Amino acid sequence: MIILTEHVQFFTATVLKWQKLLEHDKYKQIIIDSLKFLVETNRVFIYAYVIMPNHIHLIWQMRENIKPADVQRDFLKYTAQKIKFDLQENCPSLLSHFKVELKDRQYQFWKNRPLSIPLWNKNVFLQKLNYIHNNPIQEKWNLAKMPELYVYSSAKFYLSNRDNQGFLRHYDE
């Protein structure tokens, strides 16, 4: 039996200055690999996600005795480090867009204070799930014609019940 000590959370992280850093598939893959690692190490359940050009949305739930703040910190720090290392090696000119003057770092990729909201009931959960899945088809983004056609989203999982990423959990489980 799995005991959960935290509510399901709607989580949004935004790239600093809304820059479209996540347009590059290799950075989307860093996000996916990190989410998969969090699931494989029994830290979270991931019910939904979408990776947009300048932000991500997740619906996730921490496992027993796992603190949301710790997972969020580790996830954002790890993904930022991986992106920084890639930019240093492959595109140093782009790295300068993320230079900051802070005591604890030279570069920053994620805006401070990501949004994290507990989802207290199924209706709110489903509203956020639909919001996540419809994000790529909004006129502003126009990344796909239908939600399930956008590769960097869990929409297809909920239509086909096949998890191509290897880390999703259906909300009815």
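Helices and strands here are runs assigned by DSSP, numbered from the N terminus. The model is a predicted one.

Glu 173 has a relative accessibility of 59%, and exposed means over 50%, so Glu 173 counts as exposed. Its C-alpha atom is separated by 19 Å from that of Ser 153. Along the chain, Glu 173 and Ser 153 are 20 residues apart.

Now turn to the sheet. Four strands form an open sheet with antiparallel pairing. Read across, the order is β2-β3-β1-β6. Strands β2 and β6 stand at the edges, and each has a single partner strand, so one side of each lacks a neighbour in the sheet. On average, neighbouring strands are turned by 15° against each other, direction ignored.

Look at the pair β2 and β3. Strand β2 covers residues 44–51, and β3 covers residues 55–62. A hairpin of three residues joins β2 to β3. The two strands pair in the antiparallel sense over seven bridges. Two places let you follow this pairing. Tyr 49 stands opposite Leu 58 in β3. Ala 48 has Ile 59 in β3 as its bridge partner.

Strand β3 also pairs with β1, which covers residues 9–14. This pairing is antiparallel too, over six bridges. Here Thr 12 has His 57 in β3 as its bridge partner.

How much of β3 is covered? Eight of its eight residues are buried. His 55, His 57, Ile 59 and Gln 61 point one way from β3. Ile 56, Leu 58, Trp 60 and Met 62 point the other way. Strand β2 stands at an edge of the sheet, yet eight of its eight residues are buried, so β2 is largely enclosed by the rest of the structure.

Next come the helices. Helix α2 packs on the sheet and touches β1, β2, β3 and β6. The direction of α2 makes about 140° with that of β3. Helix α2 runs over residues 68–90, 23 residues in all. From its first C-alpha to its last it reaches 33 Å, close to the 33 Å expected at 1.5 Å a residue. The buried residues of α2 include Pro 68, Val 71, Gln 72, Phe 75, Leu 76 and Thr 79. Further along, Ala 80, Ile 83, Lys 84, Asp 86 and Leu 87 are buried as well.

Helix α1 spans residues 25–40. At 1.5 Å a residue, its 16 residues should span 22 Å, and its end C-alpha atoms are 22 Å apart, which agrees. Its buried residues are Tyr 27, Lys 28, Ile 30, Ile 31, Ile 32, Ser 34, Leu 35, Leu 38 and Val 39. What covers them? The cover includes β2, β3 and α2.

That brings the two helices together. Two packed helices are described by the angle between their axes and the distance between the axes. The axes of α1 and α2 come within 10 Å and cross at roughly 145°. The crossing is right-handed. On the α1 side, the contact is made by Lys 26, Tyr 27, Ile 30, Ile 31, Ser 34, Leu 35 and Leu 38. On the α2 side, the partners are Val 71, Phe 75, Tyr 78, Thr 79, Lys 82, Ile 83, Asp 86, Leu 87 and Asn 90. The residues of this contact divide into ten nonpolar, three polar and three charged.

Asn 42 follows α1, in the loop between α1 and β2. Its phi is near 55°, a positive value in a residue other than glycine. Is Asn 42 buried, partly exposed or exposed? Its relative accessibility is 46%, so Asn 42 counts as partly exposed. Arg 113 has a positive phi of about 55° although it is not a glycine. Arg 113 sits in the loop between β5 (105–107) and β6 (115–118). With a relative accessible area of 79%, Arg 113 is exposed.

Note on methods:
Residues are numbered from 1 along each chain as its sequence is written. This is a predicted model: local features need pLDDT of at least 70, side-chain atom pairs count only at pLDDT 80 or more; totals for chains, interfaces and linings use all residues. Side-chain values use heavy atoms; hydrogens and water are left out. The expected span of a helix is 1.5 Å times one less than its number of residues. Buried means under 20% relative accessible area, exposed over 50%, partly exposed in between (1.4 Å probe, protein chains only). Axes are lines fitted to C-alpha atoms, for helices over the stretch in contact, and angles run from 0 to 180 degrees between N-to-C directions. A crossing is left-handed if the near helix is turned anticlockwise from the far one by less than a right angle, and right-handed if clockwise. Contact means heavy atoms within 4.5 Å. Ala, Val, Leu, Ile, Met, Phe, Trp, Tyr, Cys and Pro count as nonpolar, Asp, Glu, Lys and Arg as charged, and the others, Gly among them, as polar. Two strands pair if DSSP finds at least two bridges between them.
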